[in-house]
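Biologist: Please show me the model. I would like to go through the contact between its chains, and then a few single residues.

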Amino acid sequence: MADLNALLIQLFAGLSRGMVLFLLSAGLSLIFGVMNILNFAHATFWLLAGYITVTIYAYLADTFAPGFLLLVPAVLGATAIMVALGLLIERVLIRRMYDRELPEQLLLTFALVLILGDVIKLIWGVQNRRIFVPVTPMQAFGVFINPYYFFLIGAGFAVAIGLWLFLHRTKYGRIVRAAVYNREMVNALGIRIPMIYAGVFAAGVGIAAFAGGIFSPLLPMALGNDIDIIVQCFAVVVIGGFGSILGTFVASLLVGIVYSFSILIWPDGALAMIFLIVIAVLIWRPWGLFGTELRS
Amino acid sequence: MGSVRHGTALLTKGTNVSIDSAPVIQKTTPRSVVARTFGKWGLSGAATAIVFVGFVLVPLVPGQFWIYVATEILILGLLAMSFNMLYGYMGQISFGHAAYFGLGAYGAGLLMRFFRPGGGEIGYLDFFLSLLAGPPVAAIGALVISVFVVRLTGIYFAILTLAFGELLYYIVFSWYSFTKGDDGVQGLLPPPFFQDAVNYYYFTLAVVLISALLMWRILESPFGYTLRTLRDNQRRAAFLGINVRLHMSVNFVIAGTFAGISGALWGPFQRSIAPGLLGWQESGVAVFMALIGGSKIFIGPMVGSAIYTFLHAFVTIYTVYWPLTIGLVIMAIVLFAPGGVLGLFQSWFDRMTKKNDATADRSAQTRQDENTL
């Protein structure tokens, strides 16, 4: 039997991986639901934010003593920069794609993946970047675990709850949900749809950037990570069902944990396991575990 | 919701496949020359003829390098054209089409290694038998997978084909004892005659030409027009009594088989194959090519392959920032030439072949009516 401690550590790794997937997929799913745009470049924004966080952190760590608290300005700074960039990209590029066919939208956002990937290569080079935050492992459930895992999992839950409350309990959240179901009617009620679009896109990019920032101490930022992750995010969104925050959350944890444990059993085929789940879901329930049939 | 908008967008766009207009021309102007020369064939025929003549003449260019590039253009162009049977004609985007390319490559490559276990030059009979083995392997793979994917459309079709493609990739990647996994299959040396780059190029040209003719025959048949109906309005097609899933499935298998033909040609060309041939990046290349060239025109993906492959060969001489370059090209195409390069020519060509405005408008109207189905 496998070492129980190893399994437990793998579980935490899987949960935190699931949190990255959730933070990315939530934005992806929201943008698709509201704007009908499947954003291939979503994980590239996440990666770019990670690199920016590392750079801000390195700059701050030169001035002050390196430490956990320096992460806060680094993550917030990176998120702010990415929200601004997201708004710019929505205004300049994405806006032109609303009435286009799906493949053209995918192609444009995939072009962004290629361009931003090379921009990262131009600025940061090809070495992997990560932040070394000095933390002491803590003992929990009889094993030593990096306490940062708990912070990440907590942050993931916080964003999930915050997002749900925003969508269900605030005026703007209700407008966004209404736009998912009937954007013409929302428009007819005098709400400016372009503003909603820009806001949703920037918010999605912001959440992705936040995820990139808080994960930079854990995952090294490397070129190509974005493509690895975006494919899994598509898997998550399909498994959970487009437009369902709860579904996205459950599917993220499922995919994160399955991936994490598959690495123990079949390292090369960890992604294959995820694709098997996707195939099973698409055949059995094409609208996803938590989606509604209406939206398929 | 997505599918509805998708459908209407396709409807208004209609098909741009050229129909003969054969105007009567009196004066000799640049416009009339174009019209007289190519008007009868339509843009599709004209482009096909130009592309074909271009390919025949390629070996006149000095240097082996460009012959390799041209061979690659042909093979990947056939892959892109087979992808376009699904996208341009049936209206579904597959992100796993390279899986059948890879299956064809592995079917042929592994049989070559079976005939010549250590790798190296093989006999003519073994060579042709191996090549013939590629397409059926791809067809069987496509047949099994088509059962599942034709139940879905739009984004779900795209993601399911992607998932199956990646699954096949991981099977080939992990099944080391049979496929040599990540190492790939090396030493796929064709018989002496085909080791010469020009000979292999002309052989590839012949195979691709025959495949393209078959593809044209299929797409211009009632079956092909049924596919266009499925693209434009699947629900109406179902009301007309068309068995939607059966037609999609048959087309999926045919497209997979043509991808398998191009895959079989790849191994002896590169002397090796690797699991990456099945991966979604390779599928993405086929998608790029179809959209760059123009997915609404039969020969468009081949033109796209020429542009993409040539650009790749050219740009990588000077810089490592190939993704940036192709990213900007794709962005420019999507924003400013949504019909692809041939789509741009199409609008220019339509202007050139108009006789005068009154009759042109009428013929354009009839053409629209004919094409909207």
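Modeller: A residue is buried if 20 or more other C-beta atoms lie within 10 Å of its own, and exposed if 12 or fewer do. Keep in mind that this is a predicted model.

Biologist: Is Asn36(A) buried or exposed?

Modeller: Asn36(A) is found in the loop between helix H1 (4–35) and helix H2 (42–63) of chain A. It has 20 C-beta neighbours inside 10 Å. The cut-off for burial is 20 or more, so Asn36(A) counts as buried.

Biologist: What is the phi of Asn36(A) near?

Modeller: Most residues other than glycine have a negative phi. Asn36(A) has a positive value, and its phi is near 65 degrees.

Biologist: Where is Arg271(B) found, and is it buried or partly exposed?

Modeller: Arg271(B) is found in the loop between helix H13 (244–270) and H14 of chain B. Its phi is also positive, near 65 degrees. With 15 other C-beta atoms within 10 Å, Arg271(B) is partly exposed.

Biologist: Which residue has its C-alpha atom 5.2 Å from that of Gly339(B)?

Modeller: Gly339(B) lies in the loop between H16 and H17 of chain B. It counts as buried because it has 20 C-beta neighbours inside 10 Å. The residue whose C-alpha atom is separated from that of Gly339(B) by 5.2 Å is 45 residues apart along the chain: Gly294(B).

Biologist: How much of chain B is buried?

Modeller: Chain B has 18 helices and zero strands. Among its contacts between residues at least 6 apart in sequence, 78% join residues at least 24 apart. Of the 373 residues in chain B, the buried share is 48%.

Biologist: Which helices do the buried residues of H15(B) pack against?

Modeller: Helix H15 (residues 300–318) of chain B has 19 residues and reaches 27 Å from its first C-alpha to its last, close to the 27 Å expected. Its buried residues include Gly300(B), Met302(B), Tyr308(B) and Thr309(B). They pack against helices of chain B, namely H3 (42–57), H4 (64–87), H14 (280–293) and H17 (340–353).

Biologist: Which helix supplies the largest share of the side of chain B that touches chain A?

Modeller: The contact takes 33 residues from chain B and 29 residues from chain A. On the chain B side, helix H1 (2–13), helix H7 (154–174) and helix H16 (322–336) each supply at least two residues. This side has 26 nonpolar, five polar and two charged residues. The largest share, 12 residues, comes from H7(B).

Biologist: How far apart are the axes of H11(A) and H7(B)?

Modeller: Residues of H11(A), among them Leu271(A), Phe275(A) and Leu282(A), meet residues of H7(B), including Tyr156(B), Glu166(B) and Tyr170(B). The residues of this contact divide into 14 nonpolar, no polar and one charged. The crossing is left-handed. Helix H11 (residues 270–284) of chain A and H7(B) pack at an angle of about 145 degrees, with their axes apart by 9 Å.

Biologist: Which residues touch the most other members of the largest nonpolar core?

Modeller: This core has 204 residues, and H7(B) gives the most to it, with 15 residues. Leaving aside neighbours within four places in sequence, Val278(A) is in contact with Ala235(A), Val238(A), Ile239(A), Ile159(B) and Ala163(B). The residues that touch the most other members are Leu24(A), Val278(A) and Ile159(B).

Notes: Residues numbered from 1 in each chain as written. Chains lettered and ligands numbered in written order. Predicted model: local features only at pLDDT ≥ 70, side-chain atom pairs only at ≥ 80, totals over all residues. Contact = placed C-beta atoms within 7 Å. Helix = DSSP H or I, 4+ residues; strand = E, 2+ residues; numbered from the N terminus. Nonpolar A, V, L, I, M, F, W, Y, C, P; charged D, E, K, R; others polar. Axes fitted to C-alpha atoms, helices over the stretch in contact; angles between N-to-C directions. Left-handed = near helix turned anticlockwise from the far one by under 90°. Expected span 1.5 Å × (residues − 1). Core = buried A, V, L, I, M, F, W, Y, C linked by C-beta atoms within 7 Å.
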